[in-house]
2 protein chains.
Amino acid sequence: MTTKTPENTRLPLAISAEDITAARERLRGVAHQTPVMHSSTADRITGGQLFFKCENFQRMGAFKFRGAYNALARFSPEQARCGVIAFSSGNHAQAIALSARLLGMPSVLVMPQDSPAAKLAATREYQQGQPRSEVVLYDRYTEDREALGRRLAQERGMTLIPPYDHVDVMAGQGTAAAELIDEVGPLDRLLVCLGGGGLLAGCAVAARAQCPEVQVVGVEPLAGNDVQQSLALGHIVHIDTPKTLADGAQTQHCGELTFPVIQRLVSEVVTVTDEQLVKAMRFFAERMKMVVEPTGCLAAAAVLEGVVPVRGERVGVIISGGNVDLQRYATLLAGT
Amino acid sequence: MTTKTPENTRLPLAISAEDITAARERLRGVAHQTPVMHSSTADRITGGQLFFKCENFQRMGAFKFRGAYNALARFSPEQARCGVIAFSSGNHAQAIALSARLLGMPSVLVMPQDSPAAKLAATREYQQGQPRSEVVLYDRYTEDREALGRRLAQERGMTLIPPYDHVDVMAGQGTAAAELIDEVGPLDRLLVCLGGGGLLAGCAVAARAQCPEVQVVGVEPLAGNDVQQSLALGHIVHIDTPKTLADGAQTQHCGELTFPVIQRLVSEVVTVTDEQLVKAMRFFAERMKMVVEPTGCLAAAAVLEGVVPVRGERVGVIISGGNVDLQRYATLLAGT
């Protein structure tokens, strides 16, 4: 199922190509310029020439570092002194914790009580040695994390950084596409995974600025196709938390800043099934020797499974991250 | 257990730095210049600065492509017309099959009847469309593969390329270390996995030519420490096929050409256990998002587990390959 997006608005978008250029300057020497990988098998399967931008090799294992660091690097001295707060059970938490340590500011991460021990440990590890930094646990069944986060932010004078609906976060994420196109040249098509839309919106702005003819495609899990629905209806649709392996795309709705960018600059949004994600995950392990988390497989699954035909095209594929619990990963690889 | 190697011979070695330079020219634009990866966690654990040369991202998934292609590229027109024969149950088979196809020559691979189906399929896939190319199966319990290989070579006029004890193979493998040092600069120490010694010997020649002070360390599985024994005794020791997860290092002895190079240029040979290999394999998956086969973990395990202390040093670590059956890999990751 695919949906064409009308270019139906001419209001200014939340971010511009200049914001992404500025973000690249802030990230220089701090974020990794991640490698671009090729696979002759993937090219043979799809008939295209595929360029995989490997954000699984980014610091803390996901593109989220780009946006988090870019946002924190723009704090005023007073903001930096008080620090940052974020609520996240995923890569955003680790991205904020690491960025805060690098910039020498306190961080408070509001995380579910029942988060995987490895994620809590990783976040605390990034906070190590950083004063006034902590993980605050909440009960996801009885407490409202947003209310808790806002209360803590107010009490402590901390700045709340949301995971996607924020201009500096969006601009930071867009640097992934900017680097890719700088390295490999113009693309016919760029595929990007899609949860809240921060990565997709940022990459769309960057890519369309560098090669205006590129078709930018967002890829959602079939079970959580809220953006596809939103584009069809012309307004942001809210859905129940989707049941999908792609835990990074279990968002209930995209953002008020990301949606207009997606409406204007993204050619279409397509969906893939969990089964297709697992096939792509195995392909990455077997043929490209890379560990990719389920969410990170969204864009690749769409091309490898033929959801988006790319014969004869030069195609960018963003691999968003590689953070997956090893036991869970082993189970998915084994198919048991 | 470690063994110091005497520099006890002054006979000319089988290969020189010039051979490696020539091999680099032959491989230019054909082999991948594989990425060098970093891990701040690995640096913190070891106290050194580690540079991982990722031959798991090499064509066909292992460094073996370098040596195979270099050897085949030196065939005379008559040799090329008749083609190449090799016996191997591992990466050497696929490396020869792919190199032969790229150079447009026939290849015959002698492989055990009970090879994993995936390996047979991969080898045949590389041979596809190549005339007079085939996989010849033998029964490893009743047939002598070397005799079979020699008979076929003679009957068909084909040139036999052994997996390690061959000057062009050794020179080709050495290009991995040459590239690494070119990219990152001089190293204090270089760790290389060790089976028959082709990779170690080639890398030792390259590394010592580029930075004469570098300490080159070979790493064997504990169960198959034939080279350690050989160095202690001053002659090549033959052992029974060792029981180890590192199937690429299940050699019974090193080569007559590789051993003198190792004696002269390698500082020491150390061993790691299978348990240490699995820990390193998990480290690569969890922290560096890479699939590394057990043999490919040998060198890394030696530093991560503190077998070779590297505090304050600049250290090269060769990751030899990433070809591991997915089910087996999943089982090892899960630890069940």
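Reader: How many salt bridges does the rule find across the interface of chain B and chain A?

Author: Side chains of opposite charge can pair when their charged atoms come close. A salt bridge is a side-chain nitrogen of Lys or Arg within 4 Å of a carboxyl oxygen of Asp or Glu. The rule finds four across the interface of chain B and chain A. One of them joins Arg287(A) to Glu125(B), with the closest N and O atoms 3.7 Å apart. Please note that this is a predicted model, in which local features need pLDDT of at least 70, side-chain atom pairs count only at pLDDT 80 or more, and totals for chains, interfaces and linings use all residues. Residues are numbered from 1 along each chain as written, chains are lettered from A and ligands numbered from 1 in the order written, and side-chain values use heavy atoms, without hydrogens and water.

Reader: What area is buried between chain B and chain A?

Author: Buried area is the accessible area (1.4 Å probe) that two parts lose on being put together, summed over both. Here the value is about 2000 Å², and carbon and sulfur atoms give 61% of it. With contact taken as heavy atoms within 4.5 Å, 23 residues of chain B touch 23 residues of chain A.

Reader: Which parts of the chain does the salt bridge of Glu179(A) and Lys53(A) link?

Author: The closest N and O atoms of Glu179(A) and Lys53(A) are 2.7 Å apart. The pair links distant parts of the chain, 126 residues apart: Glu179(A) belongs to helix H8 and Lys53(A) to strand E3 of chain A. Helices (H or I, at least four residues) and strands (E, at least two) are DSSP runs, numbered from the N terminus.

Reader: Is Glu179(A) buried or exposed?

Author: Buried means under 20% relative accessible area, exposed over 50%, and partly exposed in between (1.4 Å probe, protein chains only). Glu179(A) is buried at 9%, and Lys53(A) is buried at 0%. By contrast, Arg28(B), which meets Glu25(B) in a salt bridge (2.5 Å, N to O), is exposed at 57%, while Glu25(B) is partly exposed at 48%.
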